[in-house]
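Here are a few exercises to work through with the structure open beside you. Try each task before reading its solution.

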Amino acid sequence: MKPFAYARASGPAEATAQAADNAIFIAGGTNLLDLMKLEVMVPDKLVDINRLDMADIISTDEGGLRIGALVTNSDCAADQRVRNDYPVLARAILAGASGQLRNKATTGGNLCQRTRCYYFYDTAMPCNKRNPGSGCQAMNGFNRIHAILGASDTCIATYPGDMAVAMTALDAQVEIENASGEVRNVPIKDFHLLPGDHPEKDNILDAGDLITAVILPRPVEGNQIYRKVRDRASYAFALCSMAALVKMDGDIIAKVALAFGGLAHKPWRDQAVEALLTGQQPSATLFGKAADQLLAEAKGHGSNDFKIPLTRRVLISVLREATTTGAAA
Ligand code: SF4
(Lines give C-alpha, C1' and ligand atoms only; values in the text may rest on other atoms or scores of the structure.)
Protein backbone atom coordinates (compact mmCIF):
# COMPACT_ATOMS: atom_id res chain seq x y z
CA MET A 1 0.00 0.00 0.00
CA LYS A 2 1.29 3.47 -0.84
CA PRO A 3 1.77 5.90 2.07
CA PHE A 4 -1.03 8.42 2.55
CA ALA A 5 -1.88 11.27 4.89
CA TYR A 6 -4.78 10.93 7.30
CA ALA A 7 -7.04 13.62 8.75
CA ARG A 8 -10.14 13.44 10.90
CA ALA A 9 -12.98 15.90 10.35
CA SER A 10 -15.52 16.96 12.96
CA GLY A 11 -18.04 18.70 10.66
CA PRO A 12 -19.04 18.81 6.98
CA ALA A 13 -17.31 22.16 6.35
CA GLU A 14 -14.05 20.88 7.82
CA ALA A 15 -14.36 17.65 5.82
CA THR A 16 -15.05 19.29 2.45
CA ALA A 17 -12.36 21.93 3.02
CA GLN A 18 -9.79 19.17 3.53
CA ALA A 19 -10.84 17.25 0.45
CA ALA A 20 -8.42 18.77 -2.04
CA ASP A 21 -7.24 16.94 -5.16
CA ASN A 22 -6.65 13.24 -4.64
CA ALA A 23 -8.10 13.24 -1.13
CA ILE A 24 -10.86 10.72 -0.43
CA PHE A 25 -13.43 10.56 2.34
CA ILE A 26 -13.41 7.38 4.35
CA ALA A 27 -16.33 6.10 6.44
CA GLY A 28 -16.72 2.29 6.62
CA GLY A 29 -13.96 1.79 4.06
CA THR A 30 -15.24 -1.67 3.11
CA ASN A 31 -14.43 -1.19 -0.60
CA LEU A 32 -11.86 1.60 -0.41
CA LEU A 33 -9.35 -0.22 1.81
CA ASP A 34 -9.32 -3.24 -0.53
CA LEU A 35 -8.71 -0.93 -3.48
CA MET A 36 -5.88 0.83 -1.64
CA LYS A 37 -4.20 -2.43 -0.65
CA LEU A 38 -4.24 -3.49 -4.30
CA GLU A 39 -3.01 -0.01 -5.33
CA VAL A 40 -6.00 0.35 -7.63
CA MET A 41 -6.77 3.57 -5.75
CA VAL A 42 -3.81 5.53 -4.44
CA PRO A 43 -5.13 8.64 -2.65
CA ASP A 44 -2.63 11.10 -1.19
CA LYS A 45 -4.93 11.67 1.77
CA LEU A 46 -7.88 10.11 3.56
CA VAL A 47 -10.35 12.36 5.34
CA ASP A 48 -12.11 10.36 8.05
CA ILE A 49 -15.74 11.50 8.33
CA ASN A 50 -16.87 9.01 10.96
CA ARG A 51 -17.24 11.73 13.63
CA LEU A 52 -19.69 13.78 11.56
CA ASP A 53 -23.24 13.96 12.83
CA MET A 54 -24.79 12.00 9.95
CA ALA A 55 -25.81 8.68 11.50
CA ASP A 56 -29.54 9.27 12.09
CA ILE A 57 -32.68 8.41 10.19
CA ILE A 58 -35.15 11.28 10.54
CA SER A 59 -38.77 11.55 9.41
CA THR A 60 -39.21 14.50 7.01
CA ASP A 61 -42.00 17.08 6.96
CA GLU A 62 -43.04 15.66 3.57
CA GLY A 63 -43.75 12.26 5.12
CA GLY A 64 -40.56 10.57 3.93
CA LEU A 65 -37.23 9.71 5.55
CA ARG A 66 -33.84 11.39 5.61
CA ILE A 67 -31.19 8.69 5.96
CA GLY A 68 -27.89 10.19 7.12
CA ALA A 69 -24.86 9.27 5.03
CA LEU A 70 -23.21 7.51 8.00
CA VAL A 71 -26.19 5.28 8.83
CA THR A 72 -24.83 1.76 8.47
CA ASN A 73 -26.48 -0.65 6.08
CA SER A 74 -27.46 -2.86 9.05
CA ASP A 75 -29.11 0.01 10.91
CA CYS A 76 -30.96 1.17 7.80
CA ALA A 77 -32.31 -2.29 7.01
CA ALA A 78 -33.36 -2.79 10.65
CA ASP A 79 -35.13 0.57 11.05
CA GLN A 80 -38.82 -0.10 11.67
CA ARG A 81 -39.94 2.74 9.38
CA VAL A 82 -37.79 1.38 6.55
CA ARG A 83 -39.06 -2.15 7.12
CA ASN A 84 -42.71 -1.08 7.24
CA ASP A 85 -42.84 1.59 4.54
CA TYR A 86 -39.91 0.80 2.23
CA PRO A 87 -39.53 -2.98 2.45
CA VAL A 88 -37.95 -3.05 -1.00
CA LEU A 89 -35.04 -1.06 0.46
CA ALA A 90 -34.63 -3.23 3.55
CA ARG A 91 -34.64 -6.37 1.38
CA ALA A 92 -32.18 -4.93 -1.12
CA ILE A 93 -29.73 -4.00 1.64
CA LEU A 94 -30.02 -7.43 3.28
CA ALA A 95 -29.37 -9.07 -0.11
CA GLY A 96 -25.97 -7.34 -0.26
CA ALA A 97 -22.58 -8.37 1.12
CA SER A 98 -22.40 -10.09 4.53
CA GLY A 99 -23.56 -9.24 8.05
CA GLN A 100 -20.06 -8.07 9.02
CA LEU A 101 -19.77 -5.79 6.01
CA ARG A 102 -23.27 -4.38 6.45
CA ASN A 103 -22.39 -3.49 10.06
CA LYS A 104 -19.54 -1.33 8.80
CA ALA A 105 -20.69 -0.11 5.38
CA THR A 106 -22.51 3.21 5.30
CA THR A 107 -25.29 4.67 3.17
CA GLY A 108 -23.03 7.26 1.52
CA GLY A 109 -20.17 4.81 1.00
CA ASN A 110 -22.47 2.19 -0.48
CA LEU A 111 -23.48 4.66 -3.22
CA CYS A 112 -19.80 5.23 -4.02
CA GLN A 113 -18.67 1.62 -4.18
CA ARG A 114 -16.80 0.76 -7.32
CA THR A 115 -17.28 -1.92 -9.93
CA ARG A 116 -16.18 -5.49 -9.25
CA CYS A 117 -14.83 -5.96 -12.79
CA TYR A 118 -11.99 -8.45 -12.33
CA TYR A 119 -9.63 -6.47 -14.57
CA PHE A 120 -10.23 -3.23 -12.67
CA TYR A 121 -8.75 -4.94 -9.59
CA ASP A 122 -5.74 -6.38 -11.47
CA THR A 123 -3.15 -3.66 -12.01
CA ALA A 124 -1.30 -5.86 -14.52
CA MET A 125 -4.26 -5.57 -16.92
CA PRO A 126 -5.35 -2.69 -19.15
CA CYS A 127 -8.41 -0.92 -17.78
CA ASN A 128 -9.81 2.42 -18.91
CA LYS A 129 -11.54 2.97 -15.59
CA ARG A 130 -8.36 2.54 -13.55
CA ASN A 131 -5.96 3.93 -16.13
CA PRO A 132 -7.78 6.02 -18.79
CA GLY A 133 -6.67 5.28 -22.33
CA SER A 134 -5.07 1.91 -21.50
CA GLY A 135 -7.87 -0.20 -23.02
CA CYS A 136 -10.51 -2.58 -21.72
CA GLN A 137 -9.46 -6.14 -21.05
CA ALA A 138 -13.04 -7.21 -20.30
CA MET A 139 -14.34 -6.34 -23.76
CA ASN A 140 -12.86 -9.48 -25.33
CA GLY A 141 -12.01 -11.27 -22.10
CA PHE A 142 -14.11 -13.02 -19.45
CA ASN A 143 -17.10 -10.76 -18.95
CA ARG A 144 -19.69 -12.90 -17.16
CA ILE A 145 -20.61 -10.14 -14.66
CA HIS A 146 -20.51 -7.28 -17.15
CA ALA A 147 -23.06 -4.90 -18.65
CA ILE A 148 -25.65 -5.61 -21.30
CA LEU A 149 -27.22 -2.13 -21.22
CA GLY A 150 -25.74 1.36 -21.52
CA ALA A 151 -22.13 0.24 -22.01
CA SER A 152 -19.63 2.02 -24.27
CA ASP A 153 -16.60 1.11 -26.38
CA THR A 154 -14.39 2.08 -23.46
CA CYS A 155 -16.00 0.17 -20.57
CA ILE A 156 -18.61 -2.54 -20.00
CA ALA A 157 -18.44 -2.60 -16.19
CA THR A 158 -21.50 -2.79 -13.94
CA TYR A 159 -22.35 -0.89 -10.79
CA PRO A 160 -22.35 -3.65 -8.16
CA GLY A 161 -24.69 -2.42 -5.40
CA ASP A 162 -28.18 -3.44 -4.29
CA MET A 163 -29.21 -0.55 -2.03
CA ALA A 164 -29.07 2.04 -4.81
CA VAL A 165 -31.24 -0.13 -7.08
CA ALA A 166 -34.09 -0.01 -4.55
CA MET A 167 -33.49 3.70 -3.94
CA THR A 168 -33.73 4.30 -7.69
CA ALA A 169 -37.14 2.64 -7.87
CA LEU A 170 -38.15 4.72 -4.83
CA ASP A 171 -37.13 8.02 -6.53
CA ALA A 172 -34.73 8.90 -3.72
CA GLN A 173 -32.65 12.07 -3.72
CA VAL A 174 -28.97 12.25 -2.81
CA GLU A 175 -28.10 15.25 -0.64
CA ILE A 176 -24.62 16.61 -1.37
CA GLU A 177 -22.65 19.40 0.31
CA ASN A 178 -19.74 21.01 -1.53
CA ALA A 179 -16.62 22.79 -0.31
CA SER A 180 -18.45 26.17 -0.39
CA GLY A 181 -21.07 24.82 2.00
CA GLU A 182 -23.75 24.69 -0.72
CA VAL A 183 -26.20 21.80 -0.44
CA ARG A 184 -27.91 20.31 -3.47
CA ASN A 185 -30.29 17.38 -3.91
CA VAL A 186 -29.77 15.14 -6.93
CA PRO A 187 -32.29 12.50 -8.05
CA ILE A 188 -30.54 9.19 -7.53
CA LYS A 189 -31.26 8.17 -11.12
CA ASP A 190 -28.89 11.00 -12.15
CA PHE A 191 -26.23 10.30 -9.50
CA HIS A 192 -24.37 7.41 -11.17
CA LEU A 193 -23.04 7.86 -14.70
CA LEU A 194 -22.88 5.66 -17.78
CA PRO A 195 -19.27 5.01 -18.87
CA GLY A 196 -19.32 6.93 -22.19
CA ASP A 197 -15.81 8.17 -22.95
CA HIS A 198 -14.97 8.66 -19.27
CA PRO A 199 -15.43 5.38 -17.41
CA GLU A 200 -13.04 6.62 -14.73
CA LYS A 201 -15.91 8.74 -13.42
CA ASP A 202 -18.52 6.63 -11.64
CA ASN A 203 -20.82 9.40 -10.47
CA ILE A 204 -21.43 13.14 -10.50
CA LEU A 205 -19.42 13.95 -7.36
CA ASP A 206 -16.71 16.58 -7.81
CA ALA A 207 -13.63 16.92 -5.59
CA GLY A 208 -14.77 18.02 -2.16
CA ASP A 209 -18.39 16.96 -2.66
CA LEU A 210 -19.67 15.11 0.41
CA ILE A 211 -22.80 12.96 0.45
CA THR A 212 -24.65 14.01 3.61
CA ALA A 213 -27.90 12.03 3.29
CA VAL A 214 -30.32 10.14 1.09
CA ILE A 215 -33.89 11.40 1.16
CA LEU A 216 -36.78 9.05 0.51
CA PRO A 217 -40.11 10.51 -0.60
CA ARG A 218 -43.40 9.68 1.11
CA PRO A 219 -43.99 5.91 0.97
CA VAL A 220 -45.96 4.57 -1.97
CA GLU A 221 -48.84 2.15 -1.62
CA GLY A 222 -48.75 -1.25 -3.24
CA ASN A 223 -46.49 -4.24 -3.56
CA GLN A 224 -42.73 -3.97 -3.19
CA ILE A 225 -40.36 -6.70 -4.34
CA TYR A 226 -36.57 -7.02 -4.53
CA ARG A 227 -35.30 -10.01 -6.50
CA LYS A 228 -31.60 -10.79 -6.83
CA VAL A 229 -30.13 -13.50 -9.04
CA ARG A 230 -26.51 -14.39 -8.27
CA ASP A 231 -24.05 -17.24 -8.45
CA ARG A 232 -24.54 -18.27 -4.81
CA ALA A 233 -27.18 -17.64 -2.19
CA SER A 234 -25.26 -15.02 -0.19
CA TYR A 235 -22.21 -12.79 -0.36
CA ALA A 236 -22.29 -12.46 -4.13
CA PHE A 237 -22.99 -9.57 -6.47
CA ALA A 238 -26.07 -9.53 -8.68
CA LEU A 239 -25.99 -11.00 -12.15
CA CYS A 240 -29.41 -9.40 -12.42
CA SER A 241 -31.46 -7.76 -9.69
CA MET A 242 -34.79 -6.00 -9.84
CA ALA A 243 -36.67 -3.64 -7.53
CA ALA A 244 -40.37 -3.35 -8.25
CA LEU A 245 -43.06 -1.08 -6.79
CA VAL A 246 -46.49 -1.86 -8.19
CA LYS A 247 -49.85 -0.40 -7.21
CA MET A 248 -52.93 -2.17 -8.54
CA ASP A 249 -56.37 -0.60 -8.99
CA GLY A 250 -58.61 -3.64 -9.22
CA ASP A 251 -57.11 -5.69 -12.02
CA ILE A 252 -55.34 -2.70 -13.63
CA ILE A 253 -51.72 -1.66 -13.04
CA ALA A 254 -52.24 1.86 -11.66
CA LYS A 255 -48.62 2.75 -10.90
CA VAL A 256 -45.28 1.02 -11.42
CA ALA A 257 -41.62 1.81 -10.80
CA LEU A 258 -38.87 -0.65 -11.76
CA ALA A 259 -35.09 -0.54 -11.37
CA PHE A 260 -32.46 -3.11 -12.25
CA GLY A 261 -29.00 -3.95 -10.94
CA GLY A 262 -26.17 -5.97 -12.45
CA LEU A 263 -27.03 -4.87 -15.99
CA ALA A 264 -25.34 -1.50 -16.45
CA HIS A 265 -22.82 1.01 -15.12
CA LYS A 266 -25.62 2.45 -12.97
CA PRO A 267 -28.92 1.23 -11.52
CA TRP A 268 -31.05 0.96 -14.65
CA ARG A 269 -34.46 2.55 -14.89
CA ASP A 270 -36.46 2.52 -18.14
CA GLN A 271 -39.51 4.71 -17.90
CA ALA A 272 -40.75 3.56 -21.34
CA VAL A 273 -41.24 0.11 -19.77
CA GLU A 274 -43.19 1.66 -16.88
CA ALA A 275 -45.35 3.68 -19.32
CA LEU A 276 -46.08 0.54 -21.32
CA LEU A 277 -47.31 -1.27 -18.20
CA THR A 278 -49.29 1.56 -16.59
CA GLY A 279 -53.06 1.41 -17.05
CA GLN A 280 -52.93 -2.11 -18.45
CA GLN A 281 -54.28 -5.42 -17.27
CA PRO A 282 -51.50 -7.86 -16.36
CA SER A 283 -50.96 -10.63 -18.89
CA ALA A 284 -48.17 -12.79 -20.26
CA THR A 285 -48.36 -10.83 -23.51
CA LEU A 286 -47.99 -7.49 -21.72
CA PHE A 287 -45.05 -8.71 -19.66
CA GLY A 288 -43.38 -10.08 -22.80
CA LYS A 289 -43.75 -6.66 -24.46
CA ALA A 290 -42.25 -5.02 -21.37
CA ALA A 291 -39.25 -7.36 -21.61
CA ASP A 292 -38.90 -6.60 -25.34
CA GLN A 293 -38.86 -2.89 -24.55
CA LEU A 294 -36.36 -3.22 -21.69
CA LEU A 295 -33.97 -5.36 -23.72
CA ALA A 296 -34.37 -3.71 -27.14
CA GLU A 297 -30.83 -2.28 -26.97
CA ALA A 298 -29.28 -5.05 -24.86
CA LYS A 299 -25.94 -6.37 -26.08
CA GLY A 300 -23.91 -9.27 -24.73
CA HIS A 301 -20.14 -9.57 -25.01
CA GLY A 302 -19.73 -13.33 -24.99
CA SER A 303 -19.58 -14.68 -21.44
CA ASN A 304 -22.48 -12.47 -20.36
CA ASP A 305 -24.86 -13.23 -23.25
CA PHE A 306 -26.93 -15.30 -20.82
CA LYS A 307 -27.95 -12.14 -18.96
CA ILE A 308 -30.36 -11.16 -21.76
CA PRO A 309 -32.70 -14.16 -21.42
CA LEU A 310 -32.08 -14.17 -17.66
CA THR A 311 -33.26 -10.56 -17.33
CA ARG A 312 -36.34 -11.35 -19.42
CA ARG A 313 -37.25 -14.18 -17.04
CA VAL A 314 -36.60 -12.05 -13.93
CA LEU A 315 -38.77 -9.20 -15.24
CA ILE A 316 -41.67 -11.47 -16.15
CA SER A 317 -41.48 -13.41 -12.90
CA VAL A 318 -41.33 -10.30 -10.70
CA LEU A 319 -44.15 -8.58 -12.60
CA ARG A 320 -46.32 -11.66 -12.26
CA GLU A 321 -45.75 -11.66 -8.50
CA ALA A 322 -46.01 -7.88 -8.05
CA THR A 323 -49.36 -7.69 -9.82
CA THR A 324 -50.80 -10.28 -7.48
CA THR A 325 -52.54 -8.55 -4.55
CA GLY A 326 -50.65 -8.86 -1.29
CA ALA A 327 -47.31 -9.80 -2.86
CA ALA A 328 -44.30 -8.77 -0.79
CA ALA A 329 -41.14 -10.76 -1.40
FE1 SF4 B 1 -11.84 -1.58 -16.85
FE2 SF4 B 1 -14.39 -1.12 -17.41
FE3 SF4 B 1 -12.97 -2.62 -19.02
FE4 SF4 B 1 -13.54 -3.52 -16.58
S5 SF4 B 1 -15.02 -3.14 -18.18
S6 SF4 B 1 -11.55 -3.63 -17.66
S7 SF4 B 1 -13.56 -1.62 -15.42
S8 SF4 B 1 -12.62 -0.46 -18.60
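A residue is called buried when its relative accessible area is under 20%, exposed when that area is over 50%, and partly exposed in between. Keep in mind that this is a predicted model.

**Exercise 1.** Classify phenylalanine 142, tyrosine 118 and tyrosine 119 as buried, partly exposed or exposed.

*Solution.* Start with phenylalanine 142: its relative accessibility is 45%, so it counts as partly exposed. Next comes tyrosine 118, which is partly exposed with a relative accessible area of 32%. Finally, tyrosine 119 has a relative accessible area of 14%, so this residue is buried.

**Exercise 2.** Work out how the rings of tyrosine 118 and phenylalanine 142 are arranged, and which parts of the chain the pair ties together.

*Solution.* Step one is the distance: the ring centres of tyrosine 118 and phenylalanine 142 are 5.7 Å apart. Step two is the angle: planes under 30 degrees apart count as stacked, and these planes are at 20°, so the pair is stacked. Step three is the location: both residues lie in the loop between α7 (107-111) and α8 (163-169), so the pair ties together parts that are 24 residues apart in sequence.

Tyr118, Tyr119 and Phe142 form one aromatic cluster.

**Exercise 3.** How many residues of helix α5 are buried, and which are they?

*Solution.* Helix α5 spans residues 87-94 and is mostly covered, with 6 of its 8 residues buried. Going along the helix, the buried ones are Pro87, Val88, Leu89, Ala90, Ala92 and Ile93.

**Exercise 4.** Describe the second largest pocket and its lining.

*Solution.* Begin with the volume of the second largest pocket, about 220 Å³. Of the 14 residues lining this pocket, Asp171, Val220, Leu245, Lys255 and Ala257 are the closest to its centre. The elements giving two or more residues to the lining are β10 (240-249) and β11.

Note on methods:
Residues are numbered from 1 along each chain as its sequence is written. This is a predicted model: local features need pLDDT of at least 70, side-chain atom pairs count only at pLDDT 80 or more; totals for chains, interfaces and linings use all residues. Side-chain values use heavy atoms; hydrogens and water are left out. Buried means under 20% relative accessible area, exposed over 50%, partly exposed in between (1.4 Å probe, protein chains only). Rings of Phe, Tyr and Trp (its six-membered ring) pair if their centres lie within 6.5 Å; planes under 30 degrees apart count as stacked, over 60 as edge-to-face and the rest as tilted. Helices (H or I, at least four residues) and strands (E, at least two) are DSSP runs, numbered from the N terminus. On a 1 Å grid over the protein atoms alone, a cavity is a set of points where a 1.4 Å probe fits but cannot get out, and a pocket is an open set with protein on both sides within 12 Å along at least five of seven lines; lining residues have an atom within 4 Å of a point. Grid points are joined across faces, edges and corners, and a volume is the space filled by probe spheres set on the points.
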